[in-house]
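Welcome! Here is a short tour of one structure, to be read alongside the picture and the sequence.

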Amino acid sequence: MQTRTLGRTGRTVSAIGLGTWQLGADWGDVDEADALAVLDAASGAGVTFFDTADVYGDGRSESLIGRWLREHPGSGVTVATKMGRRMPQEHENYSMEHFRAWTDRSRANLGVDTLDLVQLHCPPTSVYSDDRVYDALDTLVDEGAIAAYGVSVEKVEEALTAIARPNVASVQIILNAFRLKPLDEVLPAARAAGVGIIARVPLASGLLSGRYTLDTQFAANDHRSYNRHGESFDVGETFSGVDYETGVRAAAEFSELARAAAPDATPAQVALAWVAAQPGVSSVIPGARSPEQARANAAAGSLELPADFAASVRDLYDREIRAQVHGRW
């Protein structure tokens, strides 16, 4: 497993982390034993970075990680959580009072005195420019409630605004073979500033695994059923905002490219390795619903791809994806 420095936190984390949205909600049902088994498998495969949020299952994901941490003292795992989606998405709700309440709740869920990393969870765009927000976050660091803070963003301009702030440690952004726009400005700016990049939705909600067809059915409580057009939250979080039919077609071509580039790896592993190889990426956070999936994802952390594979990804994106989605972000 390759390791990287997580931006201004100074912490060393695995190139492949674990996103734990699946362990909370919105991906169908995952019972508690299975969730803990996923955490075990990821850690056993070299993963040292878990990403969660206070709204994943209304705290269920945090609580499961907290239980796992108590059962595995000294694991060396860095846990990043997110806050800000527990109330209506209005600028005035991003206040010191609410930050204290949210971080106290997350500390209780995770069973820690100090949160390793707290990220603003895709707030309204105006929040990223508010001095009072950063002053409040600095206060929480000074008080020891959090060790560092970052942001999770939907848009390139939000990322660039946050990167310019001196104490922002990391930026979490959607980055995958169907979402290349962050490569142009965000990653270079983050590298220059020493800000870590956490790459989420690296498999485009599973499309890049190559396992889905036009006939694939998802559970009613899976966001891949109910949020395809952004009905419940930003459409970019579901299939990276790519029309499902277009995505299935492009994913089939990606799978062919992946098998040619790395015959002994799966398309999903190649997709993860490609994201991890982008200069400036600190950790990639695929989700997993089974131990086998967690171990397979982690294996991408040691996969090397041919030098010309990046050009193939860019060509596929330009032909199949760019015209549909590039202007949205």
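A polar contact here is a pair of N or O atoms within 3.5 Å; within protein, one must be able to donate a hydrogen and the other to accept it, and residues adjacent in sequence count only if both atoms are side-chain atoms. This is a predicted model, where local features need pLDDT of at least 70, side-chain atom pairs count only at pLDDT 80 or more, and totals for chains, interfaces and linings use all residues. Residues are numbered from 1 along each chain as its sequence is written, and side-chain values use heavy atoms, with hydrogens and water left out.

**Around Ser209**
- The side chain of Ser209 reaches the backbone nitrogen of Arg211 at 3.3 Å, and a polar atom of that side chain lies 2.6 Å from the backbone oxygen of Gly206.
- Ser209 has 10% relative accessibility, so Ser209 counts as buried (buried is under 20% relative accessible area, exposed over 50%, partly exposed in between, with a 1.4 Å probe and protein chains only).

**Salt bridges**
- There are 17 salt bridges, each a side-chain nitrogen of Lys or Arg within 4 Å of a carboxyl oxygen of Asp or Glu.
- Arg11 pairs with Asp116, their closest N and O atoms being 3.1 Å apart.
- Arg11 is partly exposed at 29%, while Asp116 is buried at 17%.
- Asp58 meets Arg86 at 2.9 Å, N to O, and Asp58 also meets Arg105 at 3.2 Å, N to O.
- A network of salt bridges links Arg249, Glu253, Asp315, Arg319 and Glu320.
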